[in-house]
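Good morning, and thank you for coming.

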Amino acid sequence: MKLNTQVTGIDLKEVGKTIRWYRRSFNLTQREMAELTGTSLLCINQWERGKNKLLRVETLVKMAQLFGVSEQDLLYPSDEVKKWINMSSEEP
């Protein structure tokens, strides 16, 4: 039986920015990331835009493993990572 758990109580837009930053840092397309995490392209796109209100713990774990970080790092990035995320969002 599969446990249906989801992450709640987080800033979805900030998590989306973090996911996008890590994905781009690894030179992955949204489609590639979807395939590697076993989710859909639409979900990846919606997460990155902060539009998907459902982020399954299983998927969060897969993303963290893919990027070599902890789940906490994706949900609550360090100040240094936030700095890099903000710098990358200023690019044209």
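A word on the source comes before the fold. This is a predicted model, in which local features need pLDDT of at least 70 and side-chain atom pairs count only at pLDDT 80 or more, while totals for chains, interfaces and linings use all residues. Residues are numbered from 1 along each chain as its sequence is written, and side-chain values use heavy atoms, with hydrogens and water left out.

Let us begin with the fold. The protein chain has six helices and zero strands, and its pattern along the sequence reads α-α-α-α-α-α. Helices (H or I, at least four residues) and strands (E, at least two) are taken as DSSP runs, numbered from the N terminus. The chain holds 92 residues, of which 33% count as buried. Buried means under 20% relative accessible area, exposed means over 50%, and partly exposed lies in between, with a 1.4 Å probe and protein chains only. The accessible surface comes to about 6,100 Å², and 51% of that surface belongs to carbon and sulfur atoms; the areas come from the Shrake-Rupley method with a 1.4 Å probe, and for residues only the protein chains shown count as cover. Of the contacts with a separation of 6 or more, 65% are between residues 24 or more positions apart, where contact means heavy atoms within 4.5 Å.

I turn now to the aromatic rings. How many aromatic pairs does the rule count? The count comes to three. Rings of Phe, Tyr and Trp (its six-membered ring) pair if their centres lie within 6.5 Å; planes under 30 degrees apart count as stacked, over 60 as edge-to-face and the rest as tilted. W21 and Y22 form an edge-to-face pair, at 5.0 Å centre to centre and with 75 degrees between the planes. Both W21 and Y22 are buried. Y22 also pairs with F67: the ring centres are 5.4 Å apart and the planes lie at 20 degrees, so this pair is stacked. The pair links distant parts of the chain, with Y22 in helix α1 and F67 in helix α4 (residues 57–67), 45 residues apart. F67 is buried, as is Y22. Ring pairs join W21, Y22, F26 and F67 into a cluster.

Next come the empty spaces. Rolling a probe the size of a water molecule over the atoms shows where empty space is left. On a 1 Å grid over the protein atoms alone, a cavity is a set of points where a 1.4 Å probe fits but cannot get out, and a pocket is an open set with protein on both sides within 12 Å along at least five of seven lines; lining residues have an atom within 4 Å of a point. Grid points are joined across faces, edges and corners, and a volume is the space filled by probe spheres set on the points.

There is one cavity of 30 Å³ or more, and the largest cavity has a volume of about 50 Å³. Its lining consists of L12, V15, G16, I19, W47, G50, N52 and L55. Helix α1 (residues 12–25) gives the most to this lining, with four residues. By type, the lining of the largest cavity has five nonpolar residues, three polar and no charged. Here Ala, Val, Leu, Ile, Met, Phe, Trp, Tyr, Cys and Pro count as nonpolar, Asp, Glu, Lys and Arg as charged, and the others, Gly among them, as polar.

The largest pocket has a volume of about 150 Å³. Of the 12 residues that line this pocket, the closest to its centre are G38, T39, W47, R56 and T59. Helix α4 gives the most to the pocket lining, with three residues. The lining of the largest pocket divides into three nonpolar, five polar and four charged residues.

I close with some single residues. Is T18 buried or exposed? At 1% relative accessibility, T18 counts as buried. T18 lies in helix α1 and touches D73, L74, P77 and I85, leaving aside residues up to four places away in sequence.

E71 belongs to helix α5 (residues 71–75) and is partly exposed, at 30% relative accessibility. With residues up to four places away again left aside, E71 touches L60, V61 and A64. The C-alpha atoms of E71 and V61 are separated by 6.1 Å, although these residues are 10 residues apart along the chain.

Finally, N27 sits in the loop between α1 and α2 (30–37). N27 is not a glycine, yet it has a positive phi of about 55 degrees. Most residues other than glycine have a negative phi. N27 is exposed, with a relative accessible area of 68%.
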